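Please look through the structure shown here before reading on.

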Amino acid sequence: MKKRDSATVKVVVRVRPANAVEMKASSPPVVQVQSQDNSVTVVKGSGKTQQRNVFKFDHVFGTYATQKDIFDQTLAPIVDDVLSGVESTVFAYGQTGTGKTYTMEGHISDEDQKGVIPRAVEAIFRKLQHKKYLSSDVAVSFLEIYNEDLTDLLTNQQGLAICANGEGKIVCKGLSQQPIATSREVLRVLKQAQLRRQTGETKMNKQSSRSHCLFTLQVRSVERVGDCDLERTGKLHLVDLAGSECAKSTGATGSRLRESQNI
């Protein structure tokens, strides 16, 4: 049996195709993906002034990688960890317009273009149907952080606060947790939350996410092991961060500029 990697933090890079603006640039950067050694090479300039920078990661995906490829090679093993009682977190980080929200959420109603969040939800419910589980409960929460304000995207309640509870743990006071019975219910909740999320147009992205969003799945299960009933509780945090950006590149002014500063 292949030994599991013991690393607690992994960095995975997904390279999207160049967009129309980038293709029209006088000297667009060239990005080369080498899946054999999990490296990304960025080539800038030409001739004597050309610069080549090589970066290595735990895993890299080129422009032809599908949504399914991303999930199968990154989130699928983490789903198994969560069902075994582990608390795991996945961040999507990068410049605005690089495809973070597409990777995390995708097009929920399209089987091929669904992101890792709906795929993780479906995988969890599918695995919980196994006869080894005597019972199970799944609950979700969805927090948005916009301009330092916290909003519950499930109830649209605003003005939430971060504080320490009686056990010394940091929690979001007032954030709801909604029990979910099927993966279809989660997808419905996600669609409603998407409509409430703060988005806006910049020069770099016509539908830029202007807020950080934290989607959490809590999974409690009871499994029969020998003569005992083993109860486990795991959590999966899926975080879609607002795009990091340079005000000069995005053309941000006024409220957009304040958003960038808060991001």
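Contact here means heavy atoms within 4.5 Å. This is a predicted model, in which local features need pLDDT of at least 70 and side-chain atom pairs count only at pLDDT 80 or more, while totals for chains, interfaces and linings use all residues. Residues are numbered from 1 along each chain as its sequence is written, and side-chain values use heavy atoms, with hydrogens and water left out.

**The chain as a whole**

- The secondary structure comes to seven helices and 16 strands, where helices (H or I, at least four residues) and strands (E, at least two) are DSSP runs numbered from the N terminus.
- Of the 263 residues in the chain, 36% are buried, a term that stands for under 20% relative accessible area, with exposed meaning over 50% and partly exposed lying in between (1.4 Å probe, protein chains only).
- Among contacts between residues at least 6 apart in sequence, 58% join residues at least 24 apart.
- The chain exposes about 15900 Å², of which carbon and sulfur atoms supply 50%; such areas come from the Shrake-Rupley method with a 1.4 Å probe, and for residues only the protein chains shown count as cover.

**F215 and its surroundings**

- F215 is found in strand β15, which covers residues 212-225, and it is buried, with a relative accessible area of 0%.
- When neighbours within four places in sequence are left aside, F215 is in contact with I117, V121, V140, S141, F142, V186, L190, L236, H237 and L238.
- One of these residues, V140, is 75 residues from F215 in sequence, and the two are 7.3 Å apart in space, C-alpha to C-alpha.

**The sheet of β2, β3 and β4**

- Three strands form an open sheet in the order β2-β3-β4 with antiparallel pairing, where two strands pair if DSSP finds at least two bridges between them.
- Strands β2 (30-34) and β4 stand at the edges, and each has a single partner strand, so one side of each is left without a neighbour in the sheet.
- Strand β3 (residues 39-44) and β4 are joined in the antiparallel sense over six bridges; V42 stands opposite N53 in β4, and K44 stands opposite Q51 in β4.
- In the hairpin of β3 and β4, with six residues between the strands, G45 takes a positive phi near 75°.
- Strand β4 (residues 51-56) lies largely in the open, because the number buried among its six residues is zero.

**Helix α2**

- The 17 residues of helix α2 (residues 67-83) should span 24 Å at 1.5 Å a residue, and the end C-alpha atoms are 22 Å apart, which agrees; the expected span is 1.5 Å times one less than the number of residues.
- A kink of about 45° lies at L75 in α2, shortly before the proline P77, the bend at a residue being the angle between axes fitted to the seven residues ending there and the seven starting there.
- The buried residues of α2 include I70, F71, T74, L75 and I78.
- Just after α2, G85 takes a positive phi of about 105°.

**Two loop residues with positive phi**

- Most residues other than glycine have a negative phi.
- N38, in the loop between β2 and β3, has a positive phi of about 50° although it is not a glycine, and at 18% relative accessibility N38 counts as buried.
- E148, in the loop between β7 (133-146) and β8 (149-152), has a positive phi near 70° and is exposed, with a relative accessible area of 56%.
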